[in-house]
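This report covers a sheet and the nonpolar cores of one protein model. Please look at the sequence and structure before reading on.

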Amino acid sequence: MTHDYSKRSYVIGLVAVVIILIYIVRLFFLQLMSDDYKLRADSNAFLKRVQYPARGAITDRNGVLMVYNQPAYDIMVIMREQEGVDTLDVCASLGITPAFYAARMREIKDRKRNPGYSPYTQQLFMAQLNAEEFSRFQEKLFLYPGFYIQKRTIRQYNQPYAAHVLGDVAEVGPDDIERDSYYQGGDYIGKLGIERSYEKQLRGEKGVEILLRDVRGRIQGRYRDGQQDVRPVPGKNLTLGIDLELQKLGERLMRNKLGSIVAIEPSTGEILCMVSSPTYDPRIMVGRQRGRNQIEMQRDPMKPLLNRAIMGTYPPGSTFKTSQALTFLEEGIITPQTAYPCSHGFHFGHLTVGCHGHGSPLPLVPSIATSCNGYFCWGLYHMFGNRRKYASVQDAMTCWKDHMVAMGFGYALGIDLPGEKRGMIPNAAYYDKAYRGSWNGLTVVSISIGQGEVTLTPLQIANLGATIANRGWFITPHVVRKIQNDRLDSIYYERRYTKVARQHYETVATGMRSAVLGGTCRAANNGQYEVCGKTGTAQNRGHDHSVFMGFAPKDDPKIAIAVYVENGGWGANYGVPLGALMMEQYINGHLSEASEARAAEFENKVINYGNYVR
């Protein structure tokens, strides 16, 4: 039997070629695609120490410092170098337990929790040591190979105010690292408020310091005398629209109450104050106790972490009647002289919507001043039933809804804070589904007085006041007034016009002025400037909510405001007097002696919410 050895030689040659190709691919991967060996070589020769930039400072509109930086120290570790360390001594120096030490090492190596992990680069072991802890550890640092001290800064909140506006800063999580390659384990990022929404402007740019090491890992100095170092770029400073003194007063007045106060400068859309109650001291969200404090507040049934100004959605009550008046005027359903009857409410067949006693019938301006429910129920009934103007109730509803959306309702306004809710403005499809297509103006008449399915945020109510103050336009509300060497987003400069003509806004403003001179807002009257206001008593399953919306001065508006006190009763009980005090503080720069006494009275008033859970 003969063998064909020529074919065997081909097979052997092919195998050899495959092996060579495998080696070539492997070498290509190791040398060009993988940085593993490069990291090992670099870690032997160099120590690249991140230089963290100073985070931008934050001031109020008058230049008062609200947030700044203070020095802190992090303990970093390079896992490959920390062999042979006396862990018990490390624990004693840092005041931690061996169990904590072991758990922390496991966390660092867990690539799911720490996607940027490498045994050749510095990893955060322990954050934010104070000066005393740092000194104690530094004395023995030479005994702990692989451990290093990283100097950085942490936030300091100058005063115990505006926590929901400012937010806080905390260590990045895995999702943050995956979303943005700028971050690595142990970095900090804005978590809430302005700290989050302006993170990229505030954080700056990291630098790097390259240090030379000998064969034993000892630092020998800076590589090329620092020529290859990259200096950090500090973050940009922010100036807020917040008036800190106004914010302080608002938080005083809302003590022991649930609700919100929002004030806007109408001409710019800048937020002058944003109070959410209950609140908390932003200084408790700094340092290693942040996590524990946050958990405690998350468990609090009063929900102090909830920013009710932009996340709370409520029935706006009678403040909403101003938007209805504007819509009925623009659509030609009424004129300022149109009068409707109100015999302690709106009555149609078996349907009754109650109202307090006042003169009847009333034209538009007095109906706003007295907050007549009957007037606005009749207006909606006639609009939704007008077949000469609208082909169907659905068409009328769509027209109504479009006016509401143009006024800033039903969608998030776009404030520069995270978490803003949109509220609820129903549309025809909503009611078609709810009533199987069989409904009319009587079915939904409660929306005309800010009840039923309608809900707004306190920010949206304040923005309604700003829009009336401007006679038909508003600028998207925003907290930040200026960014150092930068511009705000263009939406914070552009006017947004409603679908209602200016003369109709003049009529409604006159009605709001009448409410202050002799109607439901008399407690807001001030002889030094003309106040325009509208009360609201929003029905609730429990005690009614007290609401006020207004602006001042009437013809040169400097401030528009919304006050919402949960379970506060009539609008005149809390909303009006608190709103009046806030406007006086901002316009005059201080409270009169009598007003200060009034503020102290309301500061000490307590609303009992029992086992309230929202």
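Strands β11 (residues 259-265) and β20 (residues 559-565) run antiparallel and are joined by six bridges; strands here are DSSP runs of E with at least two residues, numbered from the N terminus. Across this pair, Gly259 faces Val565 of β20. The model is predicted: local features need pLDDT of at least 70 and side-chain atom pairs 80 or more, while totals for chains, interfaces and linings use all residues. Residues are numbered from 1 along each chain as its sequence is written, and side-chain values use heavy atoms, leaving out hydrogens and water.

Both strands belong to an open sheet of five strands, ordered β12-β11-β20-β19-β18, with antiparallel pairing; two strands pair if DSSP finds at least two bridges between them. Two strands stand at the edges, each with a single partner strand, so one side of each has no neighbour in the sheet.

| Edge strand | Residues |
|---|---|
| β12 | residues 270-277 |
| β18 | residues 532-538 |

From one strand to the next, the twist averages 5 degrees; angles lie between N-to-C directions, from 0 to 180 degrees, with axes fitted to C-alpha atoms.

The largest nonpolar core has 96 residues, and Ile194, Leu240, Phe384, Trp400 and Ile468 have the most contacts inside it. Such a core joins buried Ala, Val, Leu, Ile, Met, Phe, Trp, Tyr and Cys residues through side-chain atoms within 4.5 Å, where buried means under 20% relative accessible area with a 1.4 Å probe, protein chains only. Another core, of 36 residues, lies apart from it and includes Ala515 and Met582.

Terms used. Buried means under 20% relative accessible area, exposed over 50%, partly exposed in between (1.4 Å probe, protein chains only). Helices (H or I, at least four residues) and strands (E, at least two) are DSSP runs, numbered from the N terminus.
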